[in-house]
Amino acid sequence: MANLNIVSEKERTYDAIVVGSGISGGWSAKELCERGLKTLVLERGRDVQHVKDYPTTNLYPWEFEHRGEIPHQMKEENPVVSRCYAFREDAAHFFVKDKEHPYIQAKPFDWIRGYQVGGKSLLWARQTQRWSDFDFEGPLRDGFAVDWPIRYADLKPWYDHVERFAGIAGDRDGLAELPDGEFLPGYPLNVVEKYFKQKMETQYPGRKVISARCAHISKVQPIHLEQGRGQCQNRTLCQRGCPFGGYFSSNASTLPWAAKTGNMTLRPDSVVHSVLYDEDKKRAIGVRVIDRNTKEEIDFFAKVIFVNAAAINTNLLLLNSKSNRFPNGIGNDSETIGKYIAFHNYSARISASYDGYLDFKTDGRNPAGGGYIPRFRNLYRQETDFLRGYAAGFSAYRSSGSDQSGYGEKLKNSLLNPQLGNWGVGSHMMGETIPKESNYVVLDDKQVDDWGTPLLKISVDYDENDKKMVKDYLDTMEEMFDYAGFTNIKRNDKWQAPGLDIHEMGGVRMGRDPKTSVLNGWNQMHDVPNVFVTDGACMTSTSTQNPSLTYMALSARSVDYAVKELKKGNI
Amino acid sequence: MNRRTAIKQLFIVAGGIVIASSCSTDSNSASIQLNQIKLKASDELLLSNLVEAIIPETDSPGGKTMNLHLFVMKMLDDCYSEADQQAFLQGLEKAHKNLKVGNEVTYLSALPEDDVFKNILKRRTIQGYLNSEYVMKNKLVYELVPARYDGAVKIEA
């Protein structure tokens, strides 16, 4: 193998290395650079620069060869990514194709990936709900996984910090289970969403319907202008990359900010093979990179390493970082790395129609997507025969359609004069799953990828708890819909493979005890104090909220701690 | 006029237009490049008559002028399984045999509900029409940058 280590070691040495440039890596990079650390950001995929590398962003529907549809052959060749709702002609170039990066499914697992600068932060659904102590205290109260080593009070200032910078739209709802934050104005619920909210408040006081909080600049502030970002223009074409920087992504926000400090070196096309460990120093000393294109090997060195490779790939990287001291992967004295993988259960949805409010319609588009129902089930006490609960999306829409029967002038006329129909309403479930040792990822002992890294074998499945929860969600929502006078209620519990929720978490969990967890309360490895993991891999439990906001806050908090420790000489 | 003569005459008229916009030097092949299926100029002509029958020219352009048949062909080529493509091509072959020019609507209407040829043709024609630059700019205007959301606009019920 060619070796690029001819460049002097000094030139390959930084203060900090961040592995990954997605939503958490971008935050790690920004915070490290702002604190004056010379930071190398390694990204395995190609470079994607804000606006310049969004080729489809300003295209009209008729400018897409297949009007948005993915061609048949591409679907056949890429069954996994084709199941993702956002894998469409306008954003296909931001998704990993199945064939390019194989993995082994011991059980069906739809692993959705975005290998480029910015990672999946270009593609995410931008929902940003805070955790509360109902979430952090879950494992302790209900006796699963291990106790989180932090509580809401530890993270609150960092939620504040990242929200102010990222731009989060939301109402101040005053809910203990979903704490308010540093919000820009929330997007309004529409008439039917509001109607449902009020109906629920009278009949089911614990069940709140709020405007979904989301990472969109609903009212631009100086801090956003300083990033070169502007107000969200309600395009809802976010997956293409936003020319206004209206939603938060690493590309629009944290990475350019980090670059502006002069402290960031961004190296795309850098597949990190392993974290290097020095037995004498008892520290990680750097990382080994395989150049994506040339396959050349090059080592980089730093005092502190942030691993933000995205949950599953962070597991892969750590497991592959073997040394005499750590034969089963760096920081793995607990032998829990790769285990206790969990996710969100998105396997149920329900829809209906409503014939009220026919004298209203909506105008423009809502980037928040509508309403959000925070978890109410088993919130204050255990009340069902399954553990934990679910949050739910709720939205109402009034679309217009036309009679498409017949041919000729009648049809043409009908197509050009669409009529408003009844309101449609829909909800989807976001269920907490319980992390279990039996849901795991491991390195395959035979097959390797094009960069010499072992393929990952994924074995993750639903359990009885998930099945009971799906039934409860559907029964409960049906009852609520029925009470609201919605008709034509349709339940859908078509089970999707884990992974398609794109909320895979865990495997490198935080905890108080080094014997049963990998990271302490600062996202710092118990066994290797200069390695920090602040992406989805660190999650001890999943709760129900969309997790990205929590990764951002954990990253910023962890960097603050790491830099203080560095300055004290502790790491 | 028998069917063959009629098609031939139409072919001469419409064929000239097709060839003019074609990259192909082979006047017997379709005017756009297709990768999975083979279509002849005569197929293209027949399809252009059919899309015109589905969306006729009125005071605004119809299917033929808007090249909706080319969109149907493109989608058939790229977005269907081989089985669907074959079923469509069989339907097209039948239309060549049985469809009298001018009788397109009657012909399509008489096909069974689940006829693959009819369903793909009609669905893609409508899709191509509604998503065309003409319709999206002049009739049902598509906004790339709405810059607003109002969740409660009062209208006449």
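**Figure 1. Strand pairing between chain A and chain B in a predicted model.** Strand β15 (360–364) of chain A and strand β1 (residues 149–154) of chain B run antiparallel and are joined by four bridges. Strands count as paired if DSSP finds at least two bridges between them. Helices (H or I, at least four residues) and strands (E, at least two) are DSSP runs, numbered from the N terminus. Within this pairing, F360(A) stands opposite K154(B). The model is predicted, so local features need pLDDT of at least 70 and side-chain atom pairs, taken over heavy atoms without hydrogens and water, count only at pLDDT 80 or more, while totals for chains, interfaces and linings use all residues. Residues are numbered from 1 along each chain as its sequence is written, and chains are lettered from A and ligands numbered from 1 in the order in which they are written.

**Figure 2. A salt bridge between K154(B) and D359(A).** The closest N and O atoms of K154(B) and D359(A) are 2.8 Å apart. Across the interface of chain A and chain B, the rule (a side-chain nitrogen of Lys or Arg within 4 Å of a carboxyl oxygen of Asp or Glu) finds four salt bridges. On the side of chain A that touches chain B, the elements giving two or more residues are α2 (72–77), β15 (360–364) and α11 (409–416).

**Figure 3. The contact surface of chain A and chain B.** Contact (heavy atoms within 4.5 Å) involves 44 residues of chain A and 51 residues of chain B. The buried area is about 4100 Å², with 63% given by carbon and sulfur atoms; this is the accessible area (1.4 Å probe) that two parts lose on being put together, summed over both. In chain A, the residues losing the most area to chain B are W62(A), Y407(A) and K412(A), together 20% of what that side buries.

**Figure 4. An aromatic pair within chain A.** Ring centres of Phe, Tyr and Trp (its six-membered ring) within 6.5 Å make a pair, with planes under 30 degrees apart counted as stacked, over 60 as edge-to-face and the rest as tilted. F196(A) and F481(A) have ring centres 5.7 Å apart and planes at 90°, so the pair is edge-to-face.
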